[in-house]
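Reader: Could you walk me through how to read the packing in a structure like this one? I'd like the general idea, then the case at hand.

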Amino acid sequence: MSCFLNSKFSRLVPYTPGEQPKDMKYIKLNTNESPFAPSPKAQMMAAKAAQSLQLYSDPECRDLVFAAAKYFGIQTDEIIFTNGSDEVLNFAFMAFCENGAVFPDVTYGFYSVFAELNGVNYKEIPLKEDFSVDINDYIGVNKTVFLANPNAPTGIALSVEDIEKIVKSNPNNVVVIDEAYVDFGAKSVIPLIKKYDNLLVTQTFSKSRSLAGGRLGFGIGSKKLICDLNTIKYSTNPYNVNSMTAAAGIGSLEDDEYIKNNCEKIKENREYLEKELEKFGFSMTASSANFIFAKHCSIGGKDIYLKLKEKGVLVRHFDKERLKDYTRITIGSKEQLDVLIEKLKEILEELL
């Protein structure tokens, strides 16, 4: 850290992304990426857009906005596209948190970073013993609410009815529902934006749509909320979505059968892995995401993570006290999961 850094950032602890080691070829089950390639149409449209990269991208993302509005059944002024959903979440912390923010103590790690970065007073509310959200903690809280649904790293989802209770009880504050993993088993609350002008729903193309490297996310909400977010966008980086990514996004939306088939495969593979892990003595939270959160009855999460890494399989471990016994495992292809299962079998034979 240099002596020139603004003192307000001196204690900022940045977000730690999933590791991307290059020392050997790994099976990557640590960053919740899709094991499937982007849709053929998305690839084709991105390649075509590459022919015009000498030009700036459209700051309004008009073609993408039109395609998404049609897909989600909303108006074109009810959506904003961003450089991954992280950007729209950061915009929300910048725009809507004058009275503070609340979110679970176990959730997406970027929430606390964004709060610190933007000087937002925030409170982390403990999850229940079973890692579920107690919605009563968020009823009438009178602060901006951030909830990942399904939550990460637990994968546990709230119902639409429970989320609506939270939104309805906080009419003077924005409620942000982060639906990064919604396509793997939860139900979206996008339809509720027609009923509540304080609801902002964020999603990403990184997970179910296989565009993690493209960096494309969006927020959906009332016209006034989106106008607020665009004020932030045009005050920071108007050209935040590049031309190839916007084109790939359109192709993905137009190739929905491909996306849905991949999501079904992920669900099937998740169920398969859960059953196999149970045989080895693991217990898991009820995941509606493209990962599982697993705990072994005898071996700590860090030991499992380190041993798997030695054997060429990457999973995610968190050192936080409540999470240290768990391992988060991305649902990969059937072939990847079979390798994981074989390596886990070897580890258990070595350690038990």
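Author: Let's begin with a term: a residue counts as buried when its relative accessible area is under 20%. Keep in mind that this is a predicted model. With that cut-off, both Phe 81 and Phe 218 are buried.

Reader: How many aromatic pairs are there?

Author: The count comes to 21 aromatic pairs. One of them is Phe 81 with Phe 218, a tilted pair with 5.6 Å centre to centre and 50° between the planes. This pair links distant parts of the chain, since Phe 81 belongs to strand E2 (residues 79-82) and Phe 218 to strand E8 (residues 217-221), 137 residues apart.

Reader: And why is the pair of Phe 93 and Phe 114 called tilted?

Author: Planes under 30 degrees apart would be stacked and over 60 edge-to-face. The planes of Phe 93 and Phe 114 are at 45°, with ring centres 6.0 Å apart, so that pair is tilted. Phe 93 is in helix H3 (residues 84-96) and Phe 114 in helix H4 (residues 110-117), 21 residues apart. Both Phe 93 and Phe 114 are buried, and they belong to one aromatic cluster that includes Tyr 15, Phe 103 and Phe 146.

Reader: Which way do the side chains of strand E6 point?

Author: Val 175 and Ile 177 point one way from E6 (residues 175-178), while Val 176 and Asp 178 point the other way, and all are buried. E6 runs parallel to strand E5 (residues 144-148), joined by 4 bridges, and Leu 147 stands opposite Ile 177. Getting from E5 to E6, the chain passes through helix H5 (residues 160-169) in a right-handed β-α-β crossover. Another 4 bridges join E6 to the parallel strand E7 (residues 199-204), where Leu 199 stands opposite Val 175.

How values were computed
Residues are numbered from 1 along each chain as its sequence is written. This is a predicted model: local features need pLDDT of at least 70, side-chain atom pairs count only at pLDDT 80 or more; totals for chains, interfaces and linings use all residues. Side-chain values use heavy atoms; hydrogens and water are left out. Rings of Phe, Tyr and Trp (its six-membered ring) pair if their centres lie within 6.5 Å; planes under 30 degrees apart count as stacked, over 60 as edge-to-face and the rest as tilted. Helices (H or I, at least four residues) and strands (E, at least two) are DSSP runs, numbered from the N terminus. Buried means under 20% relative accessible area, exposed over 50%, partly exposed in between (1.4 Å probe, protein chains only). Two strands pair if DSSP finds at least two bridges between them. A crossover is right-handed if, with the strands pointing away from the viewer, the path from the first strand over the helix to the second runs clockwise.
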